[in-house]
Amino acid sequence: MRILFLGDIVGRTGREAVMEAVPTLRRDLRLDLVVVNGENASHGFGLSLQIARDLFAAGVDVVTLGNHAWDRKDLVGQIDAEPRIIRPANYPPGTPGQGSVVVELVDGRKALVINVMGRQFMEALDDPFRAVTDIMARHRLGVTVQAVVVDIHAEASSEKWAMGHVLDGRASLVVGTHTHTPTADHRILPAGTAYQTDAGMCGDYDSVIGMGKDAAIARFLRRMPGERLQPAEGVATVAGMMVETDDATGLARRMAPLRMGGLLAPTMPDF
């Protein structure tokens with residue numbers, strides 16, 4: 001299975017860049033599954049159902065969320081209408097939406113996508129390690145599903161590394177989101193799970209993690225709240241990674257980063 005994961009979409013320029021790129025990437029890279037983190041897609045804070053549906057129309061299969069999941073209050077009452085939008089599975093019981101989804105491809109193969117949120121320097125949610133374990137206990141990699149993708153939306157790289165090692169050999173891909181900066185540590189772990197600490201963001205990198213520089217810098221200099229942060233609207237970079245798995249085991253055979261457009265050095269998977 002050929003899987004593309006794209007990091008946090010930030011604002012209009014980020015989502016427009018993703019929607020423009022995905023159809024071409026699906027064709028040229030012969031992709032089977034496209035997953036994106038969309039928790040900053042709506043004006044930098046949250047996700048609207050309409051934006052999610054626009055992403056689906058462009059060829060995205062699953063949209064994951066994070067700590068900004070409920071910044072758009074209307075999504076609270078709408079998320080159950082669209083199972084392909086998943087929020088962190090370790091929100092307390094009774095929270096709207098679901099933390100995972102099984103996607104069936106056109107050829108009948110299935111992929112399980114899970115979203116969890118870290119607890120270090122983040123909201124005090126339930127245990128993400130237990131949440132992932134509970135979900136994966138209902139599936140068998142390489143048997144009932146041909147791939148498992150885990151988006152861990154977390155601040156601390158140590159927590160993301162720990163999740164990668166806990167799931168090594170049990171997931172196809174464990175990838176971090178939230179810090180909006182692509183890390184250079186993409187690798188296949190010893191038992192066959194592809195891993196990257198952070199996929200980066202799909203947005204304008206001439207910014208402060210996707211937000212306009214002046215207002216963001218002023219908050220650091222003055223240590224006071226100022227004008228509302230707004231997404232930067234320069235040319236966006238699309239950032240993420242591609243993984244190819246073995247259908248028999250569900251484990252990764254190869255992986256490579258993907259960056260296109262904007263300011264970052266471009267790189268494209270060549271398999």
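The side chain of Glu39 reaches the backbone nitrogen of Gly66 at 3.5 Å. That is a polar contact, a pair of N or O atoms within 3.5 Å, where one must be able to donate a hydrogen and the other to accept it, and residues adjacent in sequence count only if both atoms are side-chain atoms.

On provenance: this is a predicted model, in which local features need pLDDT of at least 70, side-chain atom pairs count only at pLDDT 80 or more, and totals for chains, interfaces and linings use all residues. Residues are numbered from 1 along each chain, and side-chain values use heavy atoms, without hydrogens and water.

Back to Glu39. Glu39 sits in the loop between β3 (33-37) and α2 (49-58); helices (H or I, at least four residues) and strands (E, at least two) are DSSP runs, numbered from the N terminus. Glu39 has a relative accessible area of 1%, so it counts as buried (under 20%, 1.4 Å probe, protein chains only). Beyond four places in sequence, its contacts (heavy atoms within 4.5 Å) include Asp8, Asn67, His153 and His178.

Now the annotation. An unreviewed UniProt entry gives "binding site" at Glu39, Asn67, His153 and His178; such annotations may be inferred rather than shown by experiment. These residues are spread over 140 residues of sequence, yet their largest C-alpha distance is 10.0 Å.

Of this set, His153 belongs to strand β8 (residues 147-153). His153 is buried too, with a relative accessible area of 0%.

Note on methods:
Buried means under 20% relative accessible area, exposed over 50%, partly exposed in between (1.4 Å probe, protein chains only).
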